[in-house]
Amino acid sequence: MSSPRALPPQAVHVYDADLIWVTSGANQGDGLDLAPLCEPGDVYRLDREAQPMRMLIEAETGTGQHVAPGSEVGTPGDALSLVARHVMMTAEGDCVDILLIRHEEDQHLYALPLSPIVPRTDYTLIEAHEDPGTAQLSDLVCIAFTTGTLITMAGGAQRPIETLVPGDRVLTRDSGPQPVRLVSKATLPALGTFAPVVIAAGTLGNESDLVVAPHHRVFLYRRGAKRIGDTSEILVQAKHLVDGEHVWRREGGYVDYYALVFDRHEIIYAEGIPVESLQVSEATLNLMPEELTAEIRARLPDLHHKPHFGTEAGRELLEKIGREAIFRKKE
């Protein structure tokens, strides 16, 4: 019998859960807590003095997750558990999932936002779940394309992403032709959270298979009766599209990931369909693999993006409406 396969240690940035606290509501003054102790409708804020802490996590198939050497939180070998998932919404309608992590040695709680959160912004608690679902503590954000992905250039031609260099002009949906600021590359094991997602040719109108990192978001425009959510413009993470038939995870070996950076967070075209470029912000970079972010921090230290205004659709919404509602019907 073979031993469990170890995944590489991964870094996430967490906050002390007490530093995300209720500013208005039934539990005013209390920090983020276990689901039964939280009240939907309460308004939370991230403390202005809060600083993210780097948590290194080792995950091994069948043996759970624990603190890895080099972590700012805990001692190597300490057990970590997911104990809740909270869904919050801003006044603009943007949703943020926050995983609640318990450090088993001292029972202290840490909050891991799966989307960036910032101080001085109100976050209303919409849902508090005791069952965090299938989320993993080692579920790093990775927003990148794989080798061979065809990117539409300013003149309409398509070029493999690995041939792009800073200064090349790429067609964007909202800003027309825009020069690439940086092409960042990382080679990562195609295991767990790093295993790419394959969107089969034709599923979303893509000309060939589109292979991207799990958190890379596809842009969907649906009007009228075909509208998916409360707005016609929706961003969907590739991992939420997985149905095992039209979209699936591809594990094994290694994968070369390429992230495209522009002056703004843009919608570009890959294999003929609109997808996002990398959104650069301190919060986003804190959630990404260091192999991709080191070059961005070094070469573009002052770059900070505002996110594209499209609303993000989560897994729950897609399960409610059915993924077939957005997949193209094959003739």
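Biologist: What does Glu271 touch, not counting residues up to four places away in sequence?

Modeller: Its partners are Gly148, Thr149, Leu150, Gln158, Asn206, Glu207, Ser208, Asp209 and Leu210. A contact here means heavy atoms within 4.5 Å. The model is a predicted one, where local features need pLDDT of at least 70, side-chain atom pairs count only at pLDDT 80 or more, and totals for chains, interfaces and linings use all residues. Residues are numbered from 1 along each chain as its sequence is written, and side-chain values use heavy atoms, with hydrogens and water left out.

Biologist: Why is Glu271 called buried?

Modeller: Buried means under 20% relative accessible area, exposed over 50%, and partly exposed in between, with a 1.4 Å probe and protein chains only. Glu271 has a relative accessible area of 5%, so it counts as buried.

Biologist: Where does Glu271 sit, and how far in space is it from Leu150?

Modeller: Glu271 lies in the loop between β22 and β23. From Leu150 it is 121 residues away in sequence and 5.2 Å away in space, C-alpha to C-alpha. Helices (H or I, at least four residues) and strands (E, at least two) are DSSP runs, numbered from the N terminus.

Biologist: What makes the phi of Glu271 worth a remark?

Modeller: Most residues other than glycine have a negative phi. Glu271 is not a glycine, yet its phi is positive, about 50°. The hairpin of β22 and β23, where Glu271 takes this value, has 2 residues between the strands.

Biologist: Which residues of β23 point which way?

Modeller: Ile273 and Val275 point one way, Pro274 and Glu276 the other way, and all are buried.

Biologist: What makes β13 and β14 a pair?

Modeller: The bridges between β13 (residues 169-172) and β14 (residues 176-179) number 4, and the strands run antiparallel. Val170 has Gln178 as its bridge partner in β14, and a hairpin of 3 residues joins the two strands. On β13, Val170 and Thr172 form the covered face, Arg169 and Leu171 the uncovered one.

Biologist: Why is Leu164 called buried?

Modeller: Its relative accessible area is 5%, so Leu164 falls in the buried class. The residue is in the loop between β12 (158-160) and β13. Apart from neighbours within four places in sequence, Leu164 is in contact with Ile151, Met153, Arg159, Val170, Val183 and Leu260. Val180 is 16 residues from Leu164 in sequence and 8.1 Å from it in space, C-alpha to C-alpha.

Biologist: Is His103 buried or exposed, and how do you know?

Modeller: His103 has 5% relative accessibility, so it is buried. It is found in strand β7 (residues 95-103). Beyond four places in sequence, its contacts are Val67, Gly74, Asp78, Ala79, Leu80, His108 and Tyr110.

Biologist: Why is Arg120 placed in the class it has?

Modeller: At a relative accessible area of 58%, Arg120 is exposed, because it passes the cut-off for that class. Arg120 lies in the loop between β8 (108-113) and β9 (123-129). Its phi, near 65°, is positive in a residue other than glycine.

Biologist: What makes a set of residues a nonpolar core?

Modeller: The set consists of buried Ala, Val, Leu, Ile, Met, Phe, Trp, Tyr and Cys residues joined through side-chain atoms within 4.5 Å. The largest such core has 29 residues, of which Phe145, Leu241 and Leu260 touch the most other members. Among the elements that give two or more residues to this core are β21 (254-261), β22 (267-270) and β23 (273-276). A second, separate core of 20 residues includes Tyr44, Val96, Ala111 and Leu125.

Biologist: How many residues of each class line the second largest cavity?

Modeller: There are 7 nonpolar, no polar and 1 charged residues in that lining. Ala, Val, Leu, Ile, Met, Phe, Trp, Tyr, Cys and Pro count as nonpolar, Asp, Glu, Lys and Arg as charged, and the others, Gly among them, as polar. The lining residues are Ile20, Tyr44, Arg45, Leu46, Met88, Ile98, Ile117 and Tyr123. Strand β3 (residues 43-46) gives the largest share, 3 residues.

Conventions. On a 1 Å grid over the protein atoms alone, a cavity is a set of points where a 1.4 Å probe fits but cannot get out, and a pocket is an open set with protein on both sides within 12 Å along at least five of seven lines; lining residues have an atom within 4 Å of a point. Two strands pair if DSSP finds at least two bridges between them.
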